[in-house]
Amino acid sequence: MVRIATVGYGYWGPNVARNLAEVEGACVAAVVDQDPARLQLAARRFPGARLERELGAVLCDPDIDAVAIATPVASHYALAIASLRAGKHVLVEKPMTETAEQSRRLVDEAHRVARVLMVDHTFVYTGAVRRIAELVKNGEIGRVYYYDALRINLGIFQSDVNVVSDLAVHDLAVLDHLLDESPSAVCANGISHFPGTPENMAYLNLFYPSGAIAHVNVNWLAPVKIRQTLIGGSRKMIVYDDMEPSEKVKVYDKGVSLVDDPERVYTMRVGYRAGDMWAPKIDVTEALRTECAHFVHCVECGETPITDGESGLRVVEVIEAATRSMRTRGQRIELPARSAPHAAEALG
């Protein structure tokens with residue numbers, strides 16, 4: 001039995017705790033929150049759990065195997081590093097930390113103590129993204145040309161992070177999972193319409209060594225909620241609409257190709273292809289449930305999570321670079337040359 005302490009029982013924490021409690025072979029042994037009212041709510045949901053206002057009170061408990069952190073981003077590093085140093089496995093909400101340097105320290109510490117460090121990149125565990133990953137990795141759509149995402153709504157304004165850290169982080173995590181490469185550079189433009197607050201809308205462009213390009217449009221000030229992604233490949237194209245109640249993923253057998261007919265060298269050399277559209281069957285299991293089960297499995301078996309600390313670091317590096325680009329009027333920011341290895345291609 002993997003005994004887990006959840007830290008933070010505010011907005012996202014109850015969802016994490018609920019799903020961890022429902023994973024076979026795991027239990028919520030403790031809930032940590034500084035607000036006594038939130039602890040009272042947790043006590044009703046988890047009557048057998050230990051309730052504490054400070055994490056330090058449970059880190060010295062040898063019966064606690066892991067810590068799940070669902071607190072504001074500014075607290076992630078301190079809570080995670082303390083948990084790792086106490087010999088606990090860690091699941092931490094996105095983004096992993098405020099800075100790339102903090103993320104590197106967490107990755108190094110997790111390696112040093114041989115503990116699982118996993119990031120709560122929930123969208124990677126949705127049935128839709130898992131199916132898209134199969135299509136990309138098995139070559140169904142061919143070489144990836146572009147990833148174009150629109151993620152907007154009249155959102156919950158965050159006081160501690162900008163819209164890139166809050167919304168674009170989902171697409172950055174999905175891109176890291178889908179592509180076997182990391183971006184080489186990023187350009188971003190964004191703005192805050194309210195003085196003294198983080199950017200509430202942004203446009204990101206990511207450039208990849210293979211020639212692929214990604215564009216991400218995120219916005220807290222839109223009148224409607226849209227979660228739509230287009231992925232163009234050399235063989236087929238994908239439309240992913242997360243707001244669709246069914247058929248969230250549609251695959252189009254459409255594309256273009258160069259015509260090598262020498263007699264047409266001075267005319268249009270692009271040929272168009274239009275075939276069928278099909279919607280693959282999607283697993284409807286709650287993404288967070290799949291993620292929590294994966295975390296428990298990795299703890300039990302000593303495996304590396306799909307969204308491990310390394311992937312969390314890569315995502316934070318892009319967020320950091322995009323924020324720097326926004327604040328220098330869209331300057332192109334080069335990123336460290338690195339691959340994006342994936343520990344697992346599918347969930348068990």
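Which strands each supply at least two residues of the lining of the second largest cavity? Strand E7 (144-154) and strand E11 (221-233) do so in this predicted model.

**View 1. Cavities in the whole structure.** A search of the whole structure turns up four cavities of 30 Å³ or more. The largest cavity has a volume of about 140 Å³, and the second largest cavity holds about 50 Å³ of space.

**View 2. Centre of the largest cavity.** The largest cavity is lined by 15 residues. Closest to its centre are Asp176, Ser182, Pro183, Arg314 and Val318. By class, nine residues of this lining are nonpolar, one is polar and five are charged.

**View 3. Helices at the largest cavity.** Helix H7 (163-178) and helix H9 (309-326) each contribute at least two residues to the lining of the largest cavity. The largest share, four residues, comes from H9.

**View 4. Lining of the second largest cavity.** The space here is about 50 Å³. Its lining residues are Ala149, Leu150, Arg151, Asp171, Arg227, Gln228, Thr229, Tyr240 and Asp242. Three of the lining residues are classed as nonpolar, two as polar and four as charged.

**View 5. Strands at the second largest cavity.** Strand E7 (144-154) supplies at least two residues of the lining of the second largest cavity, and strand E11 (221-233) likewise supplies at least two. Residues that line this cavity include Leu150 and Thr229.

Methods: Residues numbered from 1 in each chain as written. Predicted model: local features only at pLDDT ≥ 70, side-chain atom pairs only at ≥ 80, totals over all residues. Heavy atoms only, no water. 1 Å grid on protein atoms, 1.4 Å probe; cavity = no way out; pocket = protein on both sides within 12 Å on 5 of 7 lines; lining within 4 Å. Points joined across faces, edges and corners; volume = space filled by probe spheres on them. Nonpolar A, V, L, I, M, F, W, Y, C, P; charged D, E, K, R; others polar.
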